[in-house]
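The following note sets out numbered comments on the structure shown below. Please read each point beside the coordinates.

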Amino acid sequence: MSRTLHQALDDAARDELGPLDLLALAAGARATHHRRVDKQKAAGVALVALVVLLTTLVPGWTVLRHVAVPATGSGAGAGGGVHGYPVRIGWQWPVLDLPAKPGPLAAVLSGAGAVGNDWWAVRADGHRWRLHLSVYAGDRPALSLDGTRLAYLAADSNTLVVGHLDTGRTIQLRRIGVDSTPPVAAGITIGVQGQSPKFWSPDGRFLLTLGGSVGGTARGAVVIDTTTGAARLVGRDVLPAGWLPDGRTLVTFSATSVQDPNPNPEIVTGITRYTGATVRIVNLTGHIKRVVRVTPREAWPVESTLPGQWTPSVSPDGRQLLMKIDTRSGALLQRFSVADGHQIGRSVPLVNAYDVCSSSWVDGHTVSVVTTTGSLDTARLSINLRSGASRTTTVVDPHLGSRCIELAQHAAAGRAYGGGLWGTSTSWLSWRWRQWIVMPLLALLALRGLILLLKRWRSTRQSRSPGSTSAATSSNTSGSPA
Amino acid sequence: MDGFEAFVAARGPALLRTAWLLTGDRQFAEDVVQEALSRVVGRWGRLVRGGDPEAYVRRAVYNAVVDRSRRRSSSEVATGGVADADGRAPDGADEVLSRLTLQQALARLTDRQRQVLVLRFYEDLGETRTAELMGCSAGTVKSQTAHALRRLRELAPELAETFGREGFTTPTEVRR
C-alpha cells in the first residue's frame, strides 16, 4: 500500500520523539515566561531609576562636584575668590541651608518678592542654598567683590552679620542693626536702612550703606568697619554710590531737582524735575575731598525718576558713575565722569525691561543689569555701554519667583558656568523638561503596576473558583497530527 | 490554570513533531517549542479569545527555526546515499526500516531543504506561506522543493517504492 510523504514524516517524528513529558514542557514554558517578565521588570525599574537619578543629579551635579573637586572647579579663583557666574539658575533638589563654609559665592538671588526675606545664595556653577530664614525682611544681602564675604541683616537678632564664606567665621556686629522697626535691639547705635544697597570696599573690610544713628534724625551714607564693628555717618542726606580703587575713599550721591509749577495746582502742588546730581568724594572720616556736579548732556525728561538708592554705582576704576534713569518710555543707562561730572558716551535704553532690579559694573565699559521682562523672565544682561549691545548672561527659572540677582563683581567679570543644552533659553520646556521626562515615566510605571496587580487579582480569583482547573490538567502524549 | 496546560497536553506533541522535523534535533526542538509557548503563556487568555492560539505558537516555532538556520552556515551536510539494507527485510520490518531510512535521509538534507519539505508536505502550507515564513520568494520555495525531493530520492530511492511516487509529488497549493 502506498503511503504519503506526510504520513512518512509523521511516523518518523513519532518514532524519534517517543513518549513526551508535556507537563514539564508547560511548566518550563511558564518558568521561562516568569524569568523573562522578571528581567523586563528589573530592566524597567533600572531604567526608571537611571532616569530619575540623571534628572535629579544632573542639575544637582554641582553637589557632587562640590564634594569631589576643589573649590576652583565651581568658579572659585586660585586666590580663593569667585571668578565666574552661572548661566542658568533653576530647579535643584535638594536645596539646603547655606553652610558656614560654602566657599566663595557668585550671587545672592531673591525669592518670590524681592522685598520679602526670601533669598538664596548661589555658587558660580548655579548651585543654590537657602538664605531666606536668616535674612531680615526687606534687607538685601551683599557679597564682597570676590564673593568670600556676605553681609546681611539677620532676622533673628536684627543685627548686621558678616559671614566669611571661605573660613566659616561669622561675625555679628552687635552695635549695627535695623533702624526702622522699633523696638530696636538693645545696644544698637547705628541703624542700617532696609532696602538699601551695601557696597563692599575692594579689600573686603568696609561696608558703605544707607543708615544713621539710632534715635537721631541724621540719615545718609554710613561706613562700617566689619573687622571692628565701628561705624560712622560720612554724609548726610546722600546716597552711597561706591568706592574708589584705593578702598579708603568713597563716593556719595544726591540728586538735584526743581519744582515746576503744576497746571492743575488744585490737584498737585508741583512737579519734581530732576536737573542733575551732586557727587561727593569723601574719605573714611567723612571729610569731603571733592564735590562734582553731574549734568546730563540732554535734560532728563519731565517725570523721570532718578534718585532711587539703587541708581548710582561707581566703576571699578573709580572714573565713572553709572545711573539708571526711569522715564515714561523706559529705563536709560547713563554714565558720568567722576572727575568733572560730564556725561560719557550716549544713553543706553533698556529694551523690554519691565523691571530693573540692580545694575553694577563688570569692567570699565560693561555693566551688568538685572531685568524682568513683561513675561516675568528674570535675567541678567551684560551691556556694553560703548556700543549699546547687550547679551543675556544669566537666566533664572520663573518658577523661583525671583526678581533680583546680586552678583559679586569678580563673578560678573569671570567666565560663564553651566548652561548646557539650553544656554540662556527661557522657554517653558528648557525649565520643565525634567517634568516631561520623569513624570510620564513614573505615570507609566504606576500604570504598569496597576495592571499587574489587576491581573494578579483576576488570576487569583479564577484559581479559587471551583472547577476552573479540571480541564487543563490532563496530559496527552500522543496528540494528533498537524 | 487557564487552559494553557490543557493546550500543551493536546497540541504539544504535534508541535514537537513539527519542530523536530524542521530541526532534526530533539533537544533543540523541545527548546524551540518551550520558548514559543513561553511567549504566549503571559497573554494566553487574550490569544484564546482571539480564536487560534496554536497558529501563533506554530508561527513562533517556524520563526525560531528559520532564524537559527539563518545564523548557521547553510552548507549541506555530508552527502552520500544511505547504505542499502543488506537483503530484503521481512514483512513488518519494512515500515521500521523505511522510517529509519527517512530519518537518515532527512538528516542529510540542508536546513533549507528540510524546512521546505516539512512546511510543504507535513504542514501542508502553500508556496506563498512557506516563502513568507522562510523569508524568500515563492519561486525559491518551488525550486528548493524540487531540489529537496530530488535529493531525498537520491538519498533514499527505496522510499519512492515504499510510499509510492505520488508521495513525492508536489502538493497542490493549500493556504493555511
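1. Trp120(A) has Arg130(A), in E6(A), as its bridge partner. This model is predicted. The strands concerned are E5 (residues 119-122) and E6 (residues 128-130) of chain A, which pair in the antiparallel sense over three bridges. Both strands belong to an open sheet of five strands in chain A, with mixed pairing and the order E3-E6-E5-E4-E28. Strand E3 (96-97) and strand E28 (405-407) of chain A are the edge strands, each pairing on one side only.

2. Chain A as a whole contains five helices and 29 strands. Of its 482 residues, 47% are buried. When contacts in chain A between residues at least 6 apart in sequence are considered, 50% join residues at least 24 apart.

3. Which strands does E25(A) pair with? One is strand E24 (residues 355-361) of chain A, which runs antiparallel to E25(A) and is joined to it by six bridges. In this pairing, Asp355(A) stands opposite Thr372(A). A hairpin of four residues connects E24(A) to E25(A). Strand E26 (residues 378-384) of chain A is also antiparallel to E25(A), with seven bridges joining the two. Here Val369(A) stands opposite Leu381(A) in E26(A). E25(A) and E26(A) form a hairpin with five residues between them, and Leu376(A) in the turn has a positive phi of about 65 degrees.

4. The structure holds one disulfide over all chains. That bond joins Cys357(A) to Cys404(A), with an S to S distance of 1.6 Å. The pair links distant parts of the chain, 47 residues apart: Cys357(A) lies in strand E24 of chain A, and Cys404(A) in the loop between strand E27 (390-396) and E28 of chain A. Both Cys357(A) and Cys404(A) are buried. In chain B, Cys136(B) is partly exposed, with a relative accessible area of 22%.

5. Is Gln113(B) buried or exposed? Gln113(B) is buried, because its relative accessible area is 10%, and buried means under 20%. This residue is placed in helix H6 (residues 111-122) of chain B. Leaving aside residues up to four places away in sequence, Gln113(B) touches Gln144(B), His147(B), Ala148(B) and Arg151(B).

6. A comment on confidence is needed for chain A. The average pLDDT of chain A is 82, and 85% of the residues score at least 70. Confidence in chain A is highest in strand E12 (residues 199-200), at 95, and lowest in helix H3 (residues 61-68), at a mean of 43. Over residues 62-73 of chain A the pLDDT stays under 50, and the model has 14 contacts beyond four places in sequence for this stretch. Residues 467-482 of chain A also have a pLDDT below 50, with 46 contacts in the model beyond near neighbours in sequence. Where pLDDT is low, the predicted coordinates should not be read in detail.

How values were computed
Residues are numbered from 1 along each chain as its sequence is written. Chains are lettered from A and ligands numbered from 1 in the order in which they are written. This is a predicted model: local features need pLDDT of at least 70, side-chain atom pairs count only at pLDDT 80 or more; totals for chains, interfaces and linings use all residues. Side-chain values use heavy atoms; hydrogens and water are left out. Buried means under 20% relative accessible area, exposed over 50%, partly exposed in between (1.4 Å probe, protein chains only). Contact means heavy atoms within 4.5 Å. pLDDT is the predictor's confidence in each residue, from 0 to 100. Two strands pair if DSSP finds at least two bridges between them. A disulfide is a pair of cysteine sulfur atoms within 2.5 Å.
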